[in-house]
Amino acid sequence: MGNQAKLSADGKDYEFPVLSGSVGPDVVDIRKLYGQSGLFTFDPGFTSTASCESALTYIDGEEGVLLHRGYPIGQLAEHSSFMEVSYLLLNGELPSKDELDTFTYTISRHTMLHEQLLQFYRGFRRDAHPMAVMCGVVGALSAFYHDSTDISDPEHRTISSHRLIAKMPTIAAAAYKYAIGQPFLYPDNSLSYTGNFMRMTFGVPAEPYDLHPAVEKAMDRIFILHADHEQNASTSTVRLAGSSGANPFACIAAGIACLWGPAHGGANEAALNMLHEIGTPDKIPHYIERAKDKNDPFRLMGFGHRVYKNYDPRATVMQKTVREVFDALKVDNPVFETALRLEEIALSDDYFVEKKLFPNVDFYSGIILSAIGFPTTMFTVLFALARTVGWVAQWNEMISDPHQKIGRPRQLYTGPTQRDYVAIDKR
Ligand code: ACO
C-alpha cells in the first residue's frame with residue numbers, strides 16, 4: 001500500500017491515498033472524501049487542487065522550469081518550430097522528418113475558411129475588439145464543420161483538431177484585416193505556418209509580401225512560447241466546457257473568452273500600455289510605489305505569476321528575441337530600455353523579492369509584437385492562435401481519459417437558509 005494522508009474531523013479519522021506523478025508534488029486523492037465524511041474541500045482559485053491527470057506539460061514554478069512532454073521550453077524555442085511543437089503536444093513524441101512533413105502538409109490543407117464564414121465578419125462593427133470577433137467566429141465554426149463534431153469518434157477529434165490549428169491564423173488575420181478595412185487574403189500553403197499568417201495579416205493583394213526571416217523566426221518562437229501552459233485558466237475553461245461533451249469549436253471559443261481577461265492573456269496588451277504610460281526610466285520609482293500601495297489598484301503588468309515564483313523561462317527567451325527583432329528591423333524603441341530598467345529596479349526591491357514577483361512571458365512580448373507592427377488589440381489574438389494547439393491537445397487528452405467526468409465543483413454556501421415566499425404587498 002502506498003502513502004496515505006490522514007484527516008481527522010469531528011472526532012473521526014479518514015485516510016486517503018497519496019498519488020505520485022512522474023515528477024512534481026504528490027497529490028492527495030480526495031475523490032472519496034465527500035462520500036466517506038460528508039465534507040468538501042474549499043479551494044477558490046484552485047491554488048492547491050490538481051483538477052486532472054495530464055502528461056502534456058510540466059511546470060516547476062519554484063525553479064522556473066517549463067517542459068512540454070519532457071522537453072525544456074528553452075530548447076524547443078531554440079531548435080524547434082511551432083509545427084514541430086504542435087506535433088509533440090498532440091502526439092507525445094517529437095516527429096521524424098516524414099512525420100513532420102506529413103503533419104505540416106495536413107495542417108496546410110485546412111487553412112481555408114468556408115466562404116460563408118467570411119461573410120460572418122461583416123456582421124461585426126469595424127471597431128470591434130478582434131478578440132470579440134475571434135470568440136464569435138471560432139464559436140461559429142461548429143455551425144460550419146458538422147462533419148467533425150462527434151467527439152466520441154477519434155477521427156472526428158483529429159480532423160477538428162487539425163482544422164482548429166490550421167484555421168486559427170486565417171481567422172486571426174481576417175479579424176485584423178476587417179478592423180483596418182483591407183481585403184481578406186486567402187492562405188498561401190506554399191509558405192510556412194507562421195509565414196502564411198504574417199502574409200495574410202500584413203500582405204495586400206496589390207503587391208508581393210516580403211517577410212524578414214528573423215521576424216518569421218521570432219514570430220514562430222513566440223507561438224512556441226505560448227503553445228501550452230498546463231492547467232491555466234483558459235485551458236481549464238476548455239476542459240470544463242469539454243467535460244460536458246460540447247464540441248471542440250465551442251470549447252475553444254470558451255477558452256478564447258477566458259484568455260481575453262487582463263489577468264491572463266490580456267496582460268501583454270496591458271503591460272505594453274503600462275510601459276508607454278511610464279514613458280521614461282525616471283518615472284519608474286513612482287510606478288513601483290503605486291504597485292506596492294495596497295490602496296492603489298495599480299499592479300505591475302507582466303509581473304507575477306500564479307505558478308512561477310522565479311523568472312518565467314519564457315520571459316528569458318522573449319527578452320533575447322526583442323534584441324533579435326530590433327536588430328533585424330533596425331528599430332530602437334526606448335520602451336525596451338524602460339522595460340529593462342523596470343525589471344532591474346523591481347527585482348532589487350524588497351516587495352517584489354519577498355513576494356517572488358518576476359517578469360512573466362507577457363512583460364517583453366508586447367514590445368516585440370509592437371516592433372513587428374501588430375496593434376496592441378491583436379496581442380491576445382496571437383496568444384489565442386498559439387494556445388489553440390495546447391487547448392486542443394488538452395481537450396483530446398481529457399476526452400481520451402477513461403476516468404473523465406463532467407466538471408462540477410461544489411461550494412461553501414453562505415446565502416440565506418430556507419425561508420418562505422412573501423407576497424409582494426407584504427415586503
Ligand atoms: N504588481 C504588484 N503586486 C503584485 C503583482 C503585481 N504585478 N502581482 C501580485 N502582486 C502581489 C499581490 O498584491 C499580493 O500581495 P499580498 O499578498 O500582500 O496581498 C501578492 O503579490 C500575491 O498576488 P496574488 O494576486 O494573490 O497572486 P495570484 O497568484 O492570485 O496572481 C497574477 C497572479 C494574476 C498573475 C498576478 O501576479 C497579477 O495580477 N499580475 C499582473 C498581471 C499579469 O501580468 N498577468 C499575466 C499572467 S501570465 C499569463 O497569463 C500568460
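Close-up 1. The side chain of R299 places an N or O atom 2.8 Å from a ligand oxygen, and for the side chain of K355 the distance to a ligand oxygen is 2.8 Å. In total, 20 residues surround the ligand, each with a heavy atom within 4 Å of it. The closest of them are R299, L300, G302, R306 and K355. A word on the model itself: it is predicted, so local features need pLDDT of at least 70, side-chain atom pairs count only at pLDDT 80 or more, and totals for chains, interfaces and linings use all residues. Residues are numbered from 1 along each chain as its sequence is written, and side-chain values use heavy atoms, with hydrogens and water left out.

Close-up 2. Helix α7 covers residues 154-180; helices here are DSSP runs of H or I with at least four residues, strands are runs of E with at least two, and both are numbered from the N terminus. Its 27 residues reach 39 Å from the first C-alpha to the last, close to the 39 Å expected at 1.5 Å a residue, where the expected span is 1.5 Å times one less than the number of residues. Please look for the kink of about 35° at K167, shortly before the proline P169; the bend is the angle between axes fitted to the seven residues ending at a position and the seven starting there. At the start of the helix, a side-chain oxygen of D153 comes to within 2.8 Å of the backbone nitrogen of E155. Just after the helix, G181 has a positive phi of about 75°.

**Close-up 3. S161 and the cover over α7.** Of the 27 residues in α7, 21 are buried, and the helix is mostly covered. Buried means under 20% relative accessible area, exposed means over 50%, and partly exposed is in between, using a 1.4 Å probe and protein chains only. S161, which sits in this helix, counts as buried at 2% relative accessibility. Leaving aside residues up to four places away in sequence, S161 touches V392, W395 and N396, a contact being heavy atoms within 4.5 Å.

**Close-up 4. Helix α3, an enclosed helix.** Helix α3 spans residues 82-91, and eight of its 10 residues are buried, so it is largely enclosed by the rest of the structure. The buried ones are F82, M83, E84, V85, S86, Y87, L88 and L89. G92 follows the helix with a positive phi, near 95°.

Close-up 5. D312 belongs to the loop between α13 (284-292) and α14 (313-329), and is buried, with a relative accessible area of 1%. A polar atom of the D312 side chain lies 2.8 Å from the backbone nitrogen of V361. Beyond four places in sequence, D312 touches P359, N360 and V361. The C-alpha atoms of D312 and G64 are 5.6 Å apart, although 248 residues separate the two in sequence.

**Close-up 6. D349 and K292.** D349 lies in the loop between α15 (334-347) and α16, and counts as buried at 14% relative accessibility. The D349 side chain makes a polar contact of 2.9 Å with the side chain of K292. With residues up to four places away in sequence set aside, D349 touches I288 and K292.

Close-up 7. F46 is not a glycine, yet has a positive phi of about 50°. This residue is in the loop between α1 (33-37) and β4 (57-60) and is exposed, with a relative accessible area of 54%. K356, another residue other than glycine, has a positive phi near 55°. K356 is in the loop between α16 (350-354) and α17 (362-372) and is partly exposed, at 36% relative accessible area.

Close-up 8. A search of the whole structure finds zero disulfides, a disulfide being a pair of cysteine sulfur atoms within 2.5 Å. C135 is in no disulfide, and the nearest cysteine sulfur, that of C258, is 10 Å away. For C251, the closest cysteine sulfur is also in C258, at 13 Å, too far for a bond. C135 is buried at 19% relative accessible area, and C251 is buried at 0%.

Definitions and conventions: A polar contact is a pair of N or O atoms within 3.5 Å; within protein, one must be able to donate a hydrogen and the other to accept it, and residues adjacent in sequence count only if both atoms are side-chain atoms.
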